[in-house]
Structures are given as C-alpha cells and as structure tokens.
Amino acid sequence: MQKTPIVSQFEVFKNSRRILKNPLPFHRENFEKYGDVFRVKIGVKEELAFTRSPQLIKHILQKQHKKYHKSSLQTKDLAKYIGHGILTSNGEHWRTHRRMVQPAFHKKKLQNLMATIREAILLEIKNIPVTHPIDVYPIMSNLAFQVVAKSLFSRDDIQEEMSQLQYITETNQRMLIKEMRQPYLNWWFQLSGQIRKHLNLAKDGQAILHQLIEGRRNSAVEKDDLLDMLLQARYEDGTAMAKEQLIDEVLILFTAGHETTANALSFLVFLLAKHPEIQEKAYQEMKNITLEGDDVLIQLLELKYVQQCIEEAMRLYPPAYIIDRVAIEDDEFEGLNIPKDSLVLMSIYELHRNENFWEAPNEFNPERFDASKKKEYQEYYYPFGAGPRMCVGNNFAMYEMIIAATELLQKYEMTTALPEVTINPLISLKPENVLISFTARN
C-alpha cells in the first residue's frame with residue numbers, strides 16, 4: 001500500500017514480547033501516532049496494513065467486497081483444524097454454502113429453537129456457586145457450547161461426545177494461536193509433532209460428528225433442529241450437502257458459535273457487575289418476563305434495554321476485534337492505492353472506541369444504543385462484521401445472549417471487585433480471570 005505511514009520491522013521486533021502477549025496497546029499507539037491507516041513491516045518484502053477508518057472498512061466489507069477475500073489465516077491455518085465451511089472459504093465455494101446454511105438461521109426457524117436454547121442455559125446457570133467469587137468465563141463457555149450442541153442435535157445423551165468435542169476445539173484453538181503469534185517457531189511445531197498431534201485431534205472431532213450425523217440420517221425421526229435444517233438444505237441441482245461438507249459446517253457452528261458468544265457474555269456480566277445501577281435498570285425491565293410459551297421471540301424483542309446492554313458490551317469488547325481481508329485485484333480508495341495481494345487488518349476494537357465517533361468511548365453506556373439514536377452509530381459499529389459475509393448466526397447469538405442475560409438477572413445479583421477486565425486477543429477477543437460474585441435473588 002502507498003501513501004501511508006509505515007511502522008518499521010525494527011519497531012515490531014523491539015515490541016515483539018508485548019505484541020505476543022497482547023498486540024492491542026501497540027495498535028492503539030500506532031493509530032494515535034499515524035492516524036486511521038498505517039502499514040507494518042513484518043519482513044524484508046512483507047507488510048500489512050491496519051485501519052480503523054469507517055469509510056475504508058465499509059468500502060472493503062460492503063461496497064467493493066468482491067475485490068477482497070479472507071486471508072490464509074482463516075482459509076488455510078484455521079481451516080486445517082475445522083475444515084472448509086462458510087467461515088474458512090472464499091469465492092464460489094463460500095457463496096454456494098452460505099446460501100444453503102443461511103435459511104437455518106431465519107427468524108421463523110429460530111423461533112422453534114427458543115425453548116431448547118433456554119433449557120440449555122438454565123441447566124448451566126442453576127448451580128452457580130454463591131459462596132465466593134468465581135471466574136465467569138468457564139460457565140459462559142459451557143453454556144454457549146451446550147446451546148449450540150442442543151440446538152444442533154436435540155439430545156441429552158451425548159454429554160461425553162460433546163465434552164470431547166469441546167476439549168478438541170479449545171485445544172486446537174490454543175495451538176493455532178501459538179502458530180499465529182510465533183510463526184518463527186513453525187519449523188519446531190512441525191518437527192516436534194505438535195501440529196500432527198492437533199490435526200489428529202481434529203480428525204477425532206470429525207469422527208464424533210460423523211457418528212452423530214449418520215445416526216440422525218439413519219433414523220426416521222425429524223427434530224426440526226439445526227442439524228435437520230442442514231440435512232434438508234439442497235444445492236441448485238437438488239442434491240444434498242456431502243457428508244464431509246456437512247461435518248465442516250457443523251464444526252464451524254461449534255467453533256465460531258460458542259467461542260464468540262461465551263466471550264461476549266463474560267464481558268457483559270463483568271460490565272453489569274461493575275455498574276449496579278445499569279444492572280438494576282435491566283433487571284427492572286425483565287423481572288416479570290417468563291420467556292415461556294409460543295411467544296418467546298416477541299418477549300425477547302420487548303427487552304430493549306437488555307439488548308442495549310449487550311450491544312454496548314460488544315462495542316467495548318467486540319468478539320471479532322480484527323477482520324482481515326486480502327485484495328484479489330488492484331483497488332483504490334480516496335487516493336489510497338491498495339495493490340493486489342495487500343493484506344488489510346480492520347481494527348473493529350479501535351473503531352468502536354474512536355472518540356471521533358463515540359462520546360466518552362471507554363464508558364459503558366447502553367443508552368447510546370437507544371433506537372432513536374441508531375443512525376448515529378450504524379456507520380461505526382460492526383460487532384458481527386458487515387456486508388455479504390456478515391455473521392450468519394447473528395440473530396441466533398443475539399437471542400441466546402438476551403435469554404442468558406435475562407435468566408442470570410432474574411436469579412442473581414452480580415458484583416465484582418475487579419477495577420478492569422483483562423483481555424486476551426486470541427482468534428476472538430477473550431477475557432481472563434473475570435471474577436464475579438453471585439448472590440441469589442429472593
């Protein structure tokens with residue numbers, strides 16, 4: 001890329017230890033120093049660009065999205081562990097399967113899953129200890145994983161398989177992060193057999209899903225769950241998805257669906273615990289809501305302030321804190337040349353905290369997401385991405401989080417002694433040691 005400031009390879013090397021631990025402060029310093037677009041030198045000929053410009057982000061994700069693909073970080077590095085589903089593919093392969101998967105997440109289809117989602121949430125939160133502060137992330141992680149599992153398989157007798165699958169997805173993610181953060185050790189990861197070990201784990205996960213999917217195919221029972229919807233999806237020629245592709249799409253749902261939601265809910269709980277007046281306002285809105293019967297979706301849409309709290313939590317701590325794209329042809333934006341093969345990293349984290357677009361950007365203020373103010377922020381807010389590749393499960397995730405927040409608020413008061421939450425930018429933005437005290441409500 002041309003006409004943009006550049007961060008030297010020496011600066012990257014000098015800050016390598018802190019970048020390995022958490023690159024976000026380094027990004028912030030460079031945005032403050034160089035403006036909304038800068039380049040980083042990462043090799044003799046290699047460089048990448050960072051941006052927090054809402055106009056450039058919209059240009060890449062929406063207006064000229066056909067000129068950009070996802071990078072090899074997802075299509076190769078992540079794909080080797082979770083397959084080539086809609087999260088890890090490009091081009092016609094992505095378009096075809098996006099069209100097939102998307103109907104499963106339409107609001108009318110999701111309405112049938114509300115009771116299943118709520119049941120999974122209630123099982124996970126009913127035994128939260130109230131005697132001492134606990135790290136809330138493992139609870140939210142289990143909750144989100146069980147929601148995906150039950151929404152897919154509608155079964156209570158596969159706990160062992162699901163525990164193993166959860167272990168595999170989380171273990172392989174940690175390995176991928178090591179590969180991303182320490183590329184200079186990839187030779188050792190290969191030589192020592194670490195990559196082979198984790199690829200074998202991925203095969204174990206695929207075998208678990210193969211068994212569950214074949215069991216459903218061989219049964220005459222229709223569950224009307226996400227798996228049934230994927231089994232019924234058809235290509236334009238009327239054929240069904242191949243077994244291997246179906247496994248890849250299911251793995252994507254487990255990996256992306258549970259990780260990002262667990263992160264967002266953990267940050268939400270911390271923020272509500274940190275702001276008791278906001279927590280009380282949210283509780284007052286939903287204290288008489290039951291979330292039972294056939295009109296759960298209507299009830300969820302009435303919980304506007306709870307939804308605002310979730311939206312504000314995802315503004316401060318967007319799970320997809322960085323979105324990457326590679327230019328597949330030469331492009332230009334407002335005098336900025338973007339040559340073919342340029343890697344552009346769009347910092348959603350920085351965009352969401354940019355004081356040029358948000359008043360008091362570091363404060364937790366759900367009021368800013370009042371419906372009357374929507375036009376003020378829609379150009380600067382991308383918690384689920386944007387354009388054709390916007391997260392296919394955004395409605396599913398939002399409904400799940402509203403139900404989880406509602407059930408938590410009805411059962412517990414939450415407090416914390418933490419002054420701030422520690423963040424760990426992995427594939428998604430993850431919190432660490434979120435110690436929360438829960439007190440049962442009368």
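**Close-up views of a predicted model**

Q279 is buried, with a relative accessible area of 4%. The legends below describe this residue and other sites in a predicted model.

View 1. Q279 is part of helix 15, which spans residues 276–286. Beyond its neighbours within four places in sequence, Q279 contacts L272 and A273, together with L409, Y412, E413, M414 and R441. Because its relative accessible area of 4% is under the 20% limit, Q279 is classed as buried.

**View 2. Packing of helix 14 against helix 15.** Helix 14 contributes L272, A273 and K274 to the contact, and helix 15 contributes P276, I278 and Q279. Sorted by class, the residues of this contact are four nonpolar, one polar and one charged.

**View 3. Packing of helix 8 against helix 9.** Two packed helices are described by the angle between their axes and the distance between the axes. For helix 8 (residues 114–125) and helix 9 (residues 136–153), the angle is about 150 degrees and the axes lie 9 Å apart. The two helices are therefore roughly antiparallel to each other, and helix 8 passes helix 9 in a right-handed crossing. On the side of helix 8, the contact involves T116, I117, A120, I121, L123, E124 and I125; these meet I139, N142, L143, Q146, V147, K150 and S151 of helix 9. The contact residues comprise eight nonpolar, four polar and two charged.

**View 4. W94 and the buried residues of helix 6.** W94 belongs to helix 6, which covers residues 91–101. With a relative accessible area of 9%, W94 is buried. Apart from residues up to four places away in sequence, W94 touches I86, S89, P388 and R389. F189 is 95 residues from W94 along the chain, and the C-alpha atoms of W94 and F189 are separated by 30 Å. The buried residues in helix 6 are G91, W94, T96, H97, R98, M100 and V101. Packing partners of these buried residues are strand 4 (68–69), helix 13 (226–232) and helix 14 (243–274).

**View 5. E334 between strands 7 and 8.** E334 is located in the loop that joins strand 7 (331–333) to strand 8 (336–338). Although E334 is not a glycine, its phi is positive, at about 50 degrees. The relative accessibility of E334 is 67%, so this residue counts as exposed.

**View 6. N433 between strands 12 and 13.** The loop between strand 12 (429–432) and strand 13 (435–440) contains N433. Phi of N433 is near 50 degrees, which is a positive value in a residue other than glycine. N433 is exposed, and its relative accessible area is 53%.

**View 7. Cysteines C309 and C391.** C309 has a relative accessibility of 2% and therefore counts as buried. C391, by contrast, is partly exposed, with a relative accessible area of 34%. With a disulfide taken as a pair of cysteine sulfur atoms within 2.5 Å, the count of disulfides is zero.

Terms used: Residues are numbered from 1 along each chain as its sequence is written. This is a predicted model: local features need pLDDT of at least 70, side-chain atom pairs count only at pLDDT 80 or more; totals for chains, interfaces and linings use all residues. Side-chain values use heavy atoms; hydrogens and water are left out. Axes are lines fitted to C-alpha atoms, for helices over the stretch in contact, and angles run from 0 to 180 degrees between N-to-C directions. Helices (H or I, at least four residues) and strands (E, at least two) are DSSP runs, numbered from the N terminus. Angles under 35 degrees count as roughly parallel, over 145 as roughly antiparallel, 65 to 115 as roughly perpendicular and the rest as oblique. A crossing is left-handed if the near helix is turned anticlockwise from the far one by less than a right angle, and right-handed if clockwise. Contact means heavy atoms within 4.5 Å. Ala, Val, Leu, Ile, Met, Phe, Trp, Tyr, Cys and Pro count as nonpolar, Asp, Glu, Lys and Arg as charged, and the others, Gly among them, as polar. Buried means under 20% relative accessible area, exposed over 50%, partly exposed in between (1.4 Å probe, protein chains only).
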